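Please take a look at the structure shown here, and follow the account below from the ligand's surroundings to a sheet and one of its residues.

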Amino acid sequence: MPTDLTPDDVDTLHVTVPADVDPVQLGSGRFLFAVAGVYMVGAAARATGRSLSCTPRKKGRSPMSIPATMRALQQTSLKGPQDMRLITDAPVPSPGRGEILIRVTAAGVNFADISKAHGTFLDGPRPPYLAGFEAAGEIVAVGEAVTGPLPGTRVVGVGNGAFAEYMVLPAAAAVPVPAGWAEQQALGLVVNWPTALAALKPLGGVTAGQTVLVHAAAGGTGQAAVKMAKHYGATVIATASPSKHDTVLVLGADHVLDSLGGDIAAEVLRLTGGADVVLESTGGITFDASLAAAKRVTGRVIVYGVAGGEAPITNWELVYKHQIHIIGLNIGTLIQAAPQMFGEVMGEMFALYKVRRWSSSSGPCLPQ
Ligand SMILES: NC(=O)c1ccc[n+]([C@@H]2O[C@H](COP(=O)([O-])OP(=O)(O)OC[C@H]3O[C@@H](n4cnc5c(N)ncnc54)[C@H](OP(=O)(O)O)[C@@H]3O)[C@@H](O)[C@H]2O)c1
């Protein structure tokens, strides 16, 4: 349990702590404890054997009132995000079994929002639908069978309809916003960063001294990948549009190539002799450059995006042209099919945040 949290980092609820939870004394009769991964503080705690009961820190706090309708951004076609409009009468969703309702204070804009708006996301929503899927905010209600996180906790997660005032999330996948972080800093915590880290480490096997080619390096996932690859001691070659080159260099990339022109594979081979790991999220014509840039026999190409369209590779090419490893990545599938690997990725990620004092999002924020 982290003891560097303070009572102000967490909210307090009336709760009886299970017998197997060890609280940490904070002084002034206050205790910090974790239940189901949620950190809480008891302002007037009393230890009774192996159990502990806490009274609310904010006396007289009344239950939060939840309106029946809310403002939300509704996507009305599959022609792109320009067909998104503000509506003011969207029903506030109710949390079902195992779900929580949050009051959204920050929402992330991801490439998947664009693919959904164009109808290219596999099994994506049909219009009209409430747009956005990644949000952070305070839990205001919980559904049946939810034992944690509890109302008052700030969490970040993914669901449907994040560009709205309220949103339902699956409780099991909601991650508490780390202490000391604003909600917008926690965006990226459950999508972009784990994707970038899974690509680099368990799948890409990056080690110090290796070369990593990161496509779309100025995007959310790309920025996380550049920072972490540098942390692991890799030489980073990034690709980005010319107007974004400075962004990528500030993050620590050793070289930046124009994603809109030039021979990317030839440049990677000239600079480093080939990439050990390629983070391939662009597809289209860039896919062939990624294959050609990877080191023969040992190079790993992690494919996790198709922004520029589909691109084929044949068994003939793998035998006679590109003797490399190609690995597909979908973070949702990884969570379901390899939960232990996902747990290790999240553990490593939080350790990195602590060591490097990073937050998961430092991107631009729009006012509400
Ligand atoms: N598989 C997974 O689980 C998973 C999870 C997260 C993200 N992703 C994928 O990772 C990629 C990045 O996602 P993100 O949310 O980090 O994206 P983002 O922040 O929106 O950045 C996307 C970047 O992609 C580049 N790009 C290249 N070709 C493009 C095209 N045809 N259309 C639009 N942008 C293009 C652009 O960079 P330049 O202008 O600099 O070229 C753009 O800045 C996407 O392909 C996304 O689908 C996959």
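How do the residues of the shell around the ligand divide into nonpolar, polar and charged? In this predicted model, the shell holds 10 nonpolar residues, 14 polar ones and 1 that is charged. Of the 25 residues around the ligand, those that come nearest are F111, A216, G219, T221 and G305. Three helices, α1 (111–118), α2 (192–203) and α3 (220–231), each contribute at least two residues to this shell, and α3 gives the most, with 3 residues. Because domain 1 (7–186) and domain 2 (192–343) both give residues to the shell, the ligand lies between them.

Strand β11 (residues 134–142) pairs antiparallel with strand β12 (residues 154–158) over 5 bridges, and A136 has V156 in β12 as its bridge partner.

T105 counts as partly exposed because it has 16 C-beta neighbours inside 10 Å, a number that lies between the limits of 12 or fewer for exposed and 20 or more for buried. Although 79 residues separate T105 from Q184 in sequence, their C-alpha atoms are 7.8 Å apart in space.

Notes: Residues numbered from 1 in each chain as written. Predicted model: local features only at pLDDT ≥ 70, side-chain atom pairs only at ≥ 80, totals over all residues. Pairing = 2+ DSSP bridges. Helix = DSSP H or I, 4+ residues; strand = E, 2+ residues; numbered from the N terminus. Near = placed C-beta within 6 Å. Nonpolar A, V, L, I, M, F, W, Y, C, P; charged D, E, K, R; others polar. Domains from an automatic or database assignment.
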